[in-house]
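I set out below my notes on one chain, made while going through its coordinates. The entries follow the order in which I looked things up.

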Amino acid sequence: QDHIASLVVSSSPANTNNALRTLRRMLKKAHEWELIRSVPVVKLVEEHGREELIEPWMEAKLLAVTEIARTPTSKHAPKSSNYGWQPLRDVLLSILDAGMRPEEVFRMRKEHVKWDNDVIFVPRGKSLKSRRYVPLSERLRTALLSRITDGNEGWVFPSPRSRSGHIETVQKQFERAKKLAGLPEDVVLY
């Protein structure tokens, strides 16, 4: 019980419930192997969905902020050498218009964009059943066309510094844009 109580306090409800499910399974196995007489009841904690979702007014503010060109002399310029809002803006459009998860957007390949059918093929996602086609809106089409200049295969969001070959996060840019847009702190990218 002490172990369960420490789990509930120190972790998110989803992580806590994963640990509690594992504990349940271990206790059931111990009972099957006759190591314990009975299996104690292990109750899961209540999980709540995200408190804040990106609403239309938030989307408008984020897109307005990321449309402003940032230069080294701009007051919005970060300290790093990356002064633009790319790849965040195109990742954001992919998430908003196609409903893709950030990881799915990062792993998007040029050959996954089916221009003739106005869809993007998502070969894998969070679960095994997440393989699907998602819509390609006009503004997303425009954004992706500017990224995909030739017919070669490859990542839509390449990164020469990453071992995977594609970008793996836009979190710093998102946090900066969210702050400039005046969005609540608990808004997440997806």
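**Entry 1: confidence.** I began with pLDDT, the predictor's confidence in each residue, from 0 to 100. The chain averages 85, and 83% of the residues score at least 70. The model is predicted, so I note that local features need pLDDT of at least 70 and side-chain atom pairs count only at pLDDT 80 or more, while totals for chains, interfaces and linings use all residues. Residues are numbered from 1 along each chain as its sequence is written, and side-chain values use heavy atoms, with hydrogens and water left out.

**Entry 2: overall layout.** I counted elements as DSSP runs, numbered from the N terminus: helices are H or I of at least four residues, strands E of at least two. The chain has 7 helices and 3 strands, and along the sequence they follow the pattern α-α-α-α-α-β-β-β-α-α. I took buried to mean under 20% relative accessible area, exposed over 50%, and partly exposed in between, with a 1.4 Å probe and protein chains only. Of the 190 residues in the chain, 35% are buried. I took contact to mean heavy atoms within 4.5 Å. Among contacts between residues at least 6 apart in sequence, 55% join residues at least 24 apart.

**Entry 3: α3 against α4.** How do the axes of α3 and α4 cross? For this I used lines fitted to C-alpha atoms, for helices over the stretch in contact, with angles from 0 to 180 degrees between N-to-C directions. The axes of α3 (residues 56–67) and α4 (residues 88–98) come within 10 Å and cross at roughly 155°. That makes α3 roughly antiparallel to α4; the classes are roughly parallel under 35 degrees, roughly antiparallel over 145, roughly perpendicular from 65 to 115, and oblique for the rest. The contact is made by E59, L62, L63, T66 and E67 of α3 with L88, R89, L92, L93 and L96 of α4.

**Entry 4: α3 against α7.** I then took the axes of α3 and α7, which come within 9 Å and cross at roughly 110°. The two helices are therefore roughly perpendicular to each other. K61, L62, V65 and T66 of α3 meet F174, A177, K178, L180 and A181 of α7. By class, the contact of α3 with α7 has 6 nonpolar, 1 polar and 2 charged residues.

**Entry 5: the cover over α4.** How many residues of α4 are buried? I found 10 of 11, so that α4 is mostly covered. Among the buried residues are R89, D90, S94 and D97. The cover includes α3, α5 (102–106), β3 (132–135), α6 (138–147) and α7 (171–181).

Entry 6: Most residues other than glycine have a negative phi, and most peptide bonds are trans. I listed the departures. The peptide bond from Q86 to P87 is cis, with omega near 10°, and P87 sits in the loop between α3 and α4. E34, not a glycine, has a positive phi of about 60°; E34 belongs to the loop between α2 and α3 and is exposed, with a relative accessible area of 71%. D118 has a positive phi near 55°. D118 lies in the loop between β1 (113–114) and β2 and is partly exposed at 34%. I also noted G99, which follows α4 and has a positive phi near 70°.

**Entry 7: two loop residues.** V156 touches M108, R109, K110, L144, R147 and I148, not counting residues up to four places away in sequence. From V156 to V105 the C-alpha distance is 8.5 Å, across 51 residues of sequence. E55, in the loop between α2 (13–32) and α3, is partly exposed at 37%. The C-alpha atoms of E55 and V187 are separated by 9.8 Å, although the two are 132 residues apart along the chain.

Terms used: Ala, Val, Leu, Ile, Met, Phe, Trp, Tyr, Cys and Pro count as nonpolar, Asp, Glu, Lys and Arg as charged, and the others, Gly among them, as polar.
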